[in-house]
Every structure is written in structure tokens, then in C-alpha cells.
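Dear colleague,

I am passing on the structure that we talked about, and my notes on it follow below. Please read them with the model open beside you.

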Amino acid sequence: MHKFAHISDCHLGAHRDPVLQKLEFAAFDKALTRCTQEEVDFIVISGDLFHSNIPDMGVVNNAVKKMREVRDKGIPIYVIYGSHDYSPNETSIVDILDSAGLFTKIVKGEIEKDTLKLEFTEDPETKAKLVGISARKTGMEEKYYEILDRETLEKEKGFKIFVFHSALSEFKPDFLATMASVPISYFPKGFDYYAGGHIHKQIEEKLPGYNKIVYPGPLFAGYPRDLEQSACGEKRGFYIVSFDDKVEKVEFIEIPTCEYIFFEYDASNKNSTQAQQELVKRIKELDVAEKVVLLKVKGELSGGKTSDINFSQIRNILTENGALHVNINRFGLSSKEYTSLKVMGEDVREIEGKLLKESIGSVKVSTEALKGEKGVHLATELLNALRQGQKTNENKKDYEDRILEKAFEVLKLREVLK
Amino acid sequence: MEVAGQIVSGKVGEILIRQKSEETIELGDLLVVEAGDHFLILQVFDLRYGSQISPSARELLAGMKLEGFGAGLDFLEPELRNYVIAAVKAVARVSNDGKDVKIPKVLPDFFSSVRHIKKEDLTFLTKPSNPVYLGKVRSGSKTIDVDVYLNALDVFRHHIVVPATTGRGKSNLVKVMLWSMLGQDKFGVLVLDPHDEYYGRHEKGLKDHSKVKDNLLYYSSTPPAGTNTLVVNLRSILPWHFQGIVMFTDAQQDAIKLYYNRFKEDWIENIVRGTPVDGVAPRTLEVLQRKFDTSLGVYLDDAGNLQCRNKVFSDTAGTTTTKDIANALEKGKIVIVDTSRLLDEAELLIGSIVVSQIFHRYQSYKSTAELDTKPIVSVVIEEAPRVLGADVLASAGDNIYSTVAREGRKFKVGLIAITQLTSLIPRPILANMNTKIILGNEMAAERRAIIDSAAQDLSEDDRTIASLDKGEAIVSSNFTKFAVPIQIPLFEKYIETSASKKENEKTVFVG
């Protein structure tokens, strides 16, 4: 009997906060340690190992050390790009580590006569055959699926694993309803295991023709929402799969990293002063010591401004009471008196999306690509490109050039400028 | 002018024309009487013989020929003595420049000559801004090279009914209509397809349209590559989605209410799992479990896992399916749901979930004054009496489809109801369906129901409707100047002429 580990969405480098950075790496470290303890034959990482294509070098250094430790124990690691660690115009850290032999990127193939022919990577020890399709930004990998030569892949004999980093329409959770996704009918049928990434939720499913479709979800958290979900009881970890010529057992290995506390406060029908007082009183009653605190404040204030509530004070109280980290989500908070927000949402990205959608109609443009859904998509992409921070040791000029380059790429202006 | 006949007598609604010898006037023919600055379009609804010879003389002559008393016997100048009389009605009064089209209120000049209609007479049939293609104008069995379109923005919210018996080309018509609409984003269309005939899985279909990728979604329990799996999460189904579709007794409805109040979206799962709830008798629970088994195919296996026989309902997958469909409709896309492997109730239930979502969203858009920015949504439902039949509505009460039929126009939601049995649909609903695309129908009672509820006076067209051949139809609508006879093209031929090439974008592979 052989075993492999299926890990996804590690998002190393996602957090700036030192506490969260530490926890993020701790989760990765624990998972790989567990893999060695379990003596898995190989590890599959189905995308978003890193949070960006060129992450902070400190983050890379830690990750490389750990992965090398695993590799030195004779456990190969197979990876694909995720939507975060892929860049269409820059070399990704994934390419560098692949070239260095730390792990093997398993997406190999070429387009012949408008058909994408993929090649299997065979694990030398177990003879398991792996093939995959990396993510591109915002679901652009769908084009690959459209032209994929499924028949050849289906005919291949042996134990086969299909690795992907895309949301599947059939298994999108409700909170990701608007996320770009591909239908599973694009996938070749009859593989023994479909190792998924991108959906930040643990999913283990099957459909006719597709035996085991598995998403482990993030190891720790790529977004504040992940922390919130963890605090609400969502388990984080990875899978260990035992197999011979078929899958024998699929086991979820939980990787607990810290204790969480989730506190939701509804400020509806209270004015800002009442809400502030009550909130302070309520959070003082919480046992937050050594816990990551997720505070969600929502509702419509009957009076005063949302900014009247002193969230810094609230954060300080929680920190003084021993909280490891405090995350305050007040995107669902509004005021009757001062309606500064036109749209409501669960997080920044959702609100941005809604605002763009609402505003796009009022912009008069003649270019099709700037209108409707396409316009919203482009604006979101541009916003994502422009919001990237300056890296350590990156000078201002390089930073500006990098951001400009990314913006040109999103707007497809590079050719025009040339 | 090539004269086809001459008006010889008649009254309003029945003008009699003597057919010119060597000319042929057919049932359903469109004829024209020119009258100075305008002309009248006449339509033939009956044909009969006329003769100047007395009946006894004709019978004697026939007897002599039949019994061999004079093989060479014939009438003297037969073209003068025997002829065909066509009964026609005036359907439109058109100014010569084609800009003014009215319902005729006067008779044409007595003894006027009539001619067959020409393409040039129909310049007033223009292509609207949001066209749905139906076919070409037909005069009798002759096709005139004039395209007939309806403005989808008008007709969709006021509902369309397509009455016809089997084999008269209903599906072909709907395919042609959908093809012509694909790519326009002003209207979303939900097609519940119980025969899996629109997408074209094994033959030509909507999948062959150049704009299919961005504008059409296909859901099936056996999806071809690139299309969507029809899998609906049980949590998407709410008690009121069953309203008027699956019959429950009062006790069962009370039990459902208790389960829903207690378990919210997980109410079906808990019923199927047999979770006891105070106030629900075990017997009622068992009956409900059986009902969900027969209607949804949902049951518990020996290991206690929830299973679905048809794989269309799931307790884990398909969380966003109905939402995705509703979103696509709201973006003006066509969504085809292949329900060929589902039982009637399951098909109607899936439709009910989606239509309810859209209807309620649009009601809310109306209250927030956003409705004008939304596309019209239309629902194609086959065998419409399943949900719109008088007996169904009497026994099971209203359902979302009948609600849409009655109130949909206020909220930009319409129906395209296809039926063989129009007479089963109550008159108030039928009267609300302002466009009827009438195909051939040999059943007199059905023709009567169609005629009685048509937008134009078709009281004399009973024979014409009975004689409609495959692909021939009459479009009677509040939005057409008169009941336009059309020839619907064969879908396969139509797409040859209207197809544009799919754009092949060069893809670069990054590993």
C-alpha cells in the first residue's frame, strides 16, 4: 500500500502581521512534518503554495528549508501553480524552486492543432501518474480545459491523479457563488483521484465518472474570511490518501494552529455611543488569552457615524487581555444617519465587486471590454494589480516599474506601448 | 398587374372573389386589392366552386361522361362557366408607402381586381431592435422572401403560447427563435427541455452558435464536455417550491412547516433521515419520505447515507446551481436545462426553484426602481397544461408558473408555453398570453380554444389552421398588424444561412 499527501492553498506570505505570519508557517511546518511521520511516498500541492509569485524572501527561505528537509527524506513534492503564485509575465518563485529541484512542477504539455496534449509525470517509487492544469488569473485556465485532449488522458492505464487549481461549478460554496468556475465535464473521466485547490473549504465529493474529488482547503488562511471560518469551526488541514491500484482510504489530517474566538455583534437599532459602550462591555467578558480574535460588527446604527465607534480602543482592550491577534470586520456596519456605504458585503473584495458593478453603468464608454461584466472584471484585475505593496529591499523606482508593468499587462497595453 | 381574381360579392369578413382561370388561389393565400393611395391585404379562408350551369345540367353531363355516352363532351367555354370562388377577409389596410397600416373598416371597391401579394407590399414588416426570428411570410403554401420578426422586448413579457399537435414543428420553431436571440443580452430565456432537443448533443443545435460560449448555459445530468452538471442541492429547495407541483395533504403540509421552522434549509434532509419532530406523526413522516423518494428520488441507503437515484439532487453538491442559473438569466443568457432523465415533478420543481428566484428578485428590483435595467426573462415550458391546466390549478392551487402567467408582465417575466392541448388552459390565462404562434392542429376543440383567445379575429380561420402543414404557422399577436402567416425554416437550413464563424482565439499554454 502506498500513500500520498494532498495539500493545497498554503498561501505562504499572505499575512503581514508577524503573529499570523508565524502561525501560517507553523501550519505548513506541521503538515510537512506529519507527512514525514506518516511516511507518505509523495506530496501533491495543488496550487497557491505561496500567496504571490514573488513572495517575501524570508517566507521563501523558511519554506525552502522545510521542503528540502522533506525532499532529503526521499519524499518528492509535486506542484502546480495556483492563481496567486502564477504570473503571466514574470518568473514565479514556483519556477525557481522547480528549476532548483526542490519540487517538480507537473504541468507539462503543448498545444498541437488547437488541442492541449498533457504529459503525465510518473512518480518513480509508486508509479502513480500525475497530470495537472495550473491556474491562471481569475479562472482564465478555462481556455486550457476547452482544448484539452481528454480522450488520451482517459485511455492511460495505471493509478492516475488529476491535479487542478480551479473552482468547480458543482461544488462552489454559497459564499463563492460569484467566483469564476469550470464545470467538471471539462475534466478527463476515470482518474483515481482529483486533487483540487482554490476553494478554501474542505470538500470530498464524487460524481458519475469522477470518483474522488477532493479539496483540502487552506492549511491556515489566505484571507480574513478563512480565519473567520476557522473560528466558526471549519477544520484546516490536508489529506493523506492510501492507494494500491485504486484509492483505498482518504483521510483528512487536521492541523490545528491556534485557538480562535469568533464574536459577532449586531449594532442594529443602537446609536454609535450605545454600540461602543455595549461592545466594550461585551468584549471584556470574553476569554481571549492566546487566541486569534475575529470580531464582526454588523447592522445599521440608528444614530451617529460608524467611525464614532472607537475600534482602536476595542482592539487595544482585546490585545491587553492577551489576544494573539485581533481581526475586526466591520464591512457589514452602516448608519441610518450617515450612509457612507452604498453596498454591503462580507469582505473588501465583495464590496469592491458590488461597487464596481453598481458604478459601471454610469461610465459612458464605447469599448466593449470596458462595459458590463467585462468592465467589472478588468477593473477588479487592475485594482488587484495596483494594490500590491512594496517589497523589502525593493527601491521606489523598481516598485513603480513593477506596478506599472502589471497594470499595462492587465489592460493589455504593453503591445500598444511598444 | 397580374390579376388573380375579381371581387364579385360578399360582406365585411367574407368577401367573395372569382378566381381567374389558370390562376391558383390557395387556402391561406394573401391577396391584394389596390385602391389609390393605399391597398388592402386580403386573406383566403375558404374556397368553393362556382358555375353558371344549372346543377341538373352538370349532373347530366357528368353522367354522360361516366357512362360512356360522349367521351369528348365538355362545357362550351368552360373557363367562363365554371370557376373557383374564394372567400377572403380584409386583414390590413396599408398606405402605398407602407408607413401606415390599419385594420380595414371599409369594403374594397366592388368588382375590384385582386392580385397575389408581392414582397414589395410588405415593406412595413421591418426588423425590430430586439428581434426574434420566426420565418418568412407565407401566402398559402408559397413563401414570400420577407422575414418576420417579433420584438422580444414586447412579446416576452406578455407571454407566448405555441399550440400544435405532435410533429408540426414546435421544437424546430423554438430552436429557430432561440438561435436568433442568442447573443442579444436584453432577455434571458430559461428552457426546461424534457426531450433534450435544443442544445444539440448529437445533432445540430444551439451549441453550434458562434456566441454559445458566452451566452448559453447547458445543464444536464450527463453533461457533454464544457457544460454544466445538473445537480441541485437539497438546501436550495424550500417548501413553497412544491406549491401546486406536488400535492400534500393538510397534515403533510403542517409537518413540512414544522420541519422547515426547526431545521430551515435542512428540512428535506431531516425528513428523509427520519429525525423525529414533536407534532409530526410517524405515519405522516413515512408518507413524506415516500413522496420525496418518488418525486425527487431521494432516500437513505443501508449505511444511512443520503442518496439520490437520478443524481440530480444532492445534500452536498450543487449549492449554487439554481443561483448560477438565475444569475445567468439576469445577465440575458439562455439557459437550457436537460430534464429528459427526470420525472415530471422533479423537472417542474427545478423550474419552480429558478423561476421563483427570478420572480422574487424582479419583484424586489421593481420596488427599488432597478427593474428597467434588467433584461426580460422568459421561461420555455413544454406541455404547459401540466402547470397551467385548469384541472391542475383547481386541484393543486396556483404555482409559480401560473403566477408568472397572471402577474409576470409587471415584473418583466414571461412564459413561452408550448402545448398540444390549449383547451386545458383556463381562458383568463390564455387571454393573458398575447402572442400565439399557431401551428397545424387537427383537433377541432383545440382550434376553437386558440381562435377564441387570439389577438386578432380568427373566427373564419378554423379550416386554415386545420390545413397548416409542417413548418407553417400563423402568428397572432397584439404586436403584429395582422395575423401573419409564416413559413418557419428548417433549423438545420436556417443555421446554414445565419451562422457566423466561431472565433478561434490563439491560446498559449503555460505549464
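**The sheet of chain A**

In this predicted model, β11(A) pairs with strand β12 (residues 210-215) of chain A in the antiparallel sense, over four bridges; strands here are DSSP runs of E with at least two residues, helices are runs of H or I with at least four residues, and both are numbered from the N terminus. Two strands count as paired if DSSP finds at least two bridges between them. Within this pair, E205(A) has I213(A) of β12(A) as its bridge partner. Both strands belong to an open sheet of six strands with mixed pairing, in the order β7-β8-β9-β10-β12-β11 (chain A). Its edge strands are β7 (121-122) and β11 of chain A, each of which pairs on one side only.

Before going further, some conventions: residues are numbered from 1 along each chain as its sequence is written, while chains are lettered from A and ligands numbered from 1 in the order in which they are written. Because the model is predicted, local features need pLDDT of at least 70 and side-chain atom pairs count only at pLDDT 80 or more, whereas totals for chains, interfaces and linings use all residues.

**Where the chains meet**

The contact between the chains takes 31 residues from chain A and 23 residues from chain B, two residues being in contact if their C-beta atoms, placed from the backbone, lie within 7 Å. On the side of chain A that touches chain B, β5 (108-112), α4 (142-146) and β11 (203-207) of chain A each supply at least two residues, and the largest share, four residues, comes from β5(A). By class, that side of chain A has 14 nonpolar, five polar and 12 charged residues, where Ala, Val, Leu, Ile, Met, Phe, Trp, Tyr, Cys and Pro count as nonpolar, Asp, Glu, Lys and Arg as charged, and the others, Gly among them, as polar.

**Helix packing in chain A**

The axes of helix α9 (residues 348-360) of chain A and helix α10 (residues 372-386) of chain A come within 9 Å and cross at roughly 135 degrees; axes are lines fitted to C-alpha atoms, for helices over the stretch in contact, and angles run from 0 to 180 degrees between N-to-C directions. α9(A) and α10(A) are therefore oblique to each other, given that angles under 35 degrees count as roughly parallel, over 145 as roughly antiparallel, 65 to 115 as roughly perpendicular and the rest as oblique. Residues of this contact include L356(A) and I360(A) from α9(A), and V376(A) and L383(A) from α10(A). They divide, taken over the whole contact, into five nonpolar, four polar and two charged.

α10(A) also packs with helix α11 (residues 396-411) of chain A, the axes coming within 9 Å and crossing at roughly 170 degrees, which makes α10(A) roughly antiparallel to α11(A). Among the residues that make the contact are L378(A) and L382(A) of α10(A), together with I403(A) and V410(A) of α11(A). This contact has eight nonpolar, no polar and two charged residues.

**A helix pair in chain B**

In chain B, the axes of helix α9 (residues 321-330) and helix α10 (residues 344-367) come within 9 Å and cross at roughly 50 degrees, so α9(B) is oblique to α10(B). The contact involves, among others, I325(B) and L329(B) of α9(B) and V354(B) and I358(B) of α10(B).

With kind regards
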